[in-house]
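Work through the exercises below with the sequence and the model open. Each task is followed by a solution in steps.

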Amino acid sequence: MSSSVLFDAPGPRTRALIRGGNVLGALIALGVLAWLLVQLDAKGQLSWDLWGPAFSARTWEFYLLPGLQNTLQAAAYAIVGALAFGMIFGMGRLSKIAPVRWVSGVVVEFLRAVPVLLMMVFFYGLFGVVLPGVADKAFLAVVVALILYNGSVIAELVRSGVGSLPSGQGEAGLAIGLTDGQTLRSIQLPQALVAMLPAMVSQVVVVLKDSALGSIIGFSELLRSGQIVSSGDGNPLQVLALVAVVFILLNMVLTVVAHRLSKLLSSRTSGLTDEGPGIGNPTVVAGGAGGGAGAV
Amino acid sequence: MNDYLSGLGALLEQYDVLGAFWTNIQLTFWGALFALVIGTMLALMRISPIASLRWAGATYVNVFRNTPLTIIMTFLVLAVWTQLQVSLAADFNSNFFRLAVIGLAVYHAAFVCESIRSGVNTVPLGQAEAARAIGLSFLPAAQLVILPQAFRGAIAPLGNTLIALLKNSTVAAAASVSWETASTMKTMLEFNADYRWEIFALFAIGYVILVIPIGLLTTWLSQRLAVKR
C-alpha cells in the first residue's frame, strides 16, 4: 500500500479523525450513487420494461453471446499474431546488423504512433478491393489492425525485457563462445519472455478493449450486437451497461492474473516483471538495450 | 503524373484535413485537462488513509480502466443523450464534442490516477522516514519531501497517458464527432478509393508528427527531472 510512504502509524486522535472521515466518505459515495439511481428512476430507466429485454434469453442467445464469441475470437487471433509480430520485430530491434535494427525501429515506432482506429478503417476499405472473396472483411480488418498495433507494443516489451536483464547474462553467453544471435535466442529471450508474461497478460486487456473499436466499422462484436438489439427494444442504456459489465469482469480477471503472475515470477527471473499500465503504451525501461526514441 | 497530382490536390481542397486534426487536438486538450483534474482527485483518494475514499477511488479506476472507450462513447450518445435526453449544448455539433470530451476525460482519469500513484510509489520509504526524523510533520513532509519527488516520477507515465489520449481522441467517431480525423479519413476513403494509400499515409504521418514530439519531450523531462538515486 502506497500510503505507507506518506503516513505514520496514527495515534488515538488521528484514528478518531480517520474514522470520522471514513464514515463521511462512505456517506458521500453512497449519496452520489443514490442520487444517480433517483435521477434514473425519475426518467423511468429502472423499469423492468427496459431491463427485462436486456436480460431476456433472446437478447443473449441471438445477439450478446454470438457477439462475445466474435470479440473473443478476434482477440485470440490478434494476440497470437501480435506475439509472432512482436517477437520478430523485437529481435530485429536487438539485431547487431544496423539496417535490420533501423527498419525494425521505424516500423515499430510508426505503428505505435498511429491510432488503431485509423488502421482498422484503412484495412476495411483496402480489403474491400483486394480481397473481394472474403466474407467478413470487418473481422479481418480488426484482427490485422490489432496485430500491427499490439505487435509493435510487444516488440517494445521484448526489447525492454532483454534490456532489463543483468548484463552478465549476455556476457556469460558470449564468454562460453555463443554468437550474438545464439546468446539472444538461447539465454536472453527465454528469461525476458518469462519476465514479460505479466505485461503480456495486461496487453490482452488492451486487445479486448480495442476490439470494441470494430463496432465503428461494422464488425458484429459484443458492443455492436448490443447496439443492434437495443435499437429494436429502445433500451441502449440498459444493454450497453450489461455489455460494459461483461468487459469489466473479463478484464478484471485478466488484471488479477497479471498481478499474481508479476508477484509469482519476480522471484524466478532476473528480469523486471512489471504488469504494464494496460493502456497500450508501456513505459520503456530506462537503459533498455539499443538506442531507441524512448517512450514514443 | 499531372492528373495524379491534380487529383491529389483536389482531394486536399475538398476535405479539411488540417481542420480534422485541429478537432482532435482540441479534444485532446480538453480531455487531458479534465482527466488531470479528475485523476488527481482520484489519486489523492487512493493514497489517503481513509478506507472508504480509497475504496471509492479504486472502484472508479477498476470500472473505467476495464471498460472499452468505445462503449463509453457509444453510451454517452445512445444512452445519456438519446435515451436520457441530457444535452450539453443547443447545437448538435457542440453537444457531440462535449460528450466526447467527457468520455475521454472519465476514461483517461483512471490512467492519470494510476500514473500519479506510480509516481508516489517511486519514492523510497527512507525519504518519508528521514523527513519525520528531522521533525517534519505530515503536511511539510508531504509538501517538501515526498510530493516533489512523486511528481517527477509520474512524468513518464503521464506522458504515455497523454499520447494514448491523443490517439484515442479518434474514438470520438463513436460519439458522432464526424468531423474528426478517423471519420474524415473514412469519408475520404469511401469516395476516393484510388488514393487510399496516400490518404492513409497522410493521416498516419500526421499522428506520427503529433506523437513523437510529446514522447521526446516527456522522456527528456522525466530524465532531466529524475531524482538520482
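**Exercise 1.** In which loop of chain B is B:Ser176 found?

*Solution.* B:Ser176 sits in the loop between α7 (138-168) and α8 (181-191) of chain B; helices here are DSSP runs of H or I with at least four residues, strands are E runs of at least two, and both are numbered from the N terminus. This is a predicted model, in which local features need pLDDT of at least 70, side-chain atom pairs count only at pLDDT 80 or more, and totals for chains, interfaces and linings use all residues. Residues are numbered from 1 along each chain as its sequence is written, while chains are lettered from A and ligands numbered from 1 in the order in which they are written.

**Exercise 2.** Determine whether B:Ser176 and B:Gln85 are buried or exposed.

*Solution.* Step 1: take the cut-offs. A residue is buried with 20 or more other C-beta atoms within 10 Å of its own, exposed with 12 or fewer, and partly exposed in between, the C-beta atoms being placed from the backbone.
Step 1: apply them. B:Ser176 counts as buried because it has 21 C-beta neighbours inside 10 Å. B:Gln85 has 8 such neighbours inside 10 Å and therefore counts as exposed.
Step 2: Though not a glycine, B:Ser176 has a positive phi of about 65 degrees. B:Gln85, also not a glycine, has a positive phi of about 55 degrees and lies in the loop between α4 (69-83) and α5 (92-121) of chain B.

**Exercise 3.** Describe the largest nonpolar core.

*Solution.* Step 1: such a core is a set of buried Ala, Val, Leu, Ile, Met, Phe, Trp, Tyr and Cys residues joined through C-beta atoms within 7 Å.
Step 1: the largest has 138 residues, and A:Met120, A:Ala145 and B:Ala100 have the most contacts inside it. Helix α7 (residues 137-163) of chain A gives the largest share, 17 residues.
Step 2: beyond four places in sequence, B:Ala100 touches B:Leu27, B:Met73, B:Ala172, B:Ala175 and B:Val177.

**Exercise 4.** How many residues does each chain bring to the contact, and which element of chain A gives the most?

*Solution.* Step 1: chain A brings 54 residues and chain B 61.
Step 1: α11(A) gives the most to the side of chain A that touches chain B, with 10 residues.
Step 2: that side has 35 nonpolar, 16 polar and 3 charged residues. Nonpolar covers Ala, Val, Leu, Ile, Met, Phe, Trp, Tyr, Cys and Pro; charged covers Asp, Glu, Lys and Arg; the others, Gly among them, are polar.
Step 3: the predictor gives the complex an ipTM of 0.91 and a pTM of 0.89.

**Exercise 5.** Which helix of chain B has the lowest mean pLDDT?

*Solution.* Step 1: pLDDT is the predictor's confidence in each residue, from 0 to 100. Chain B averages 91, and 100% of its residues score at least 70.
Step 1: among the elements of chain B, helix α1 (residues 2-14) is lowest at 83, and helix α2 (residues 17-47) is highest at 94.

Terms used: Two residues are in contact if their C-beta atoms, placed from the backbone, lie within 7 Å.
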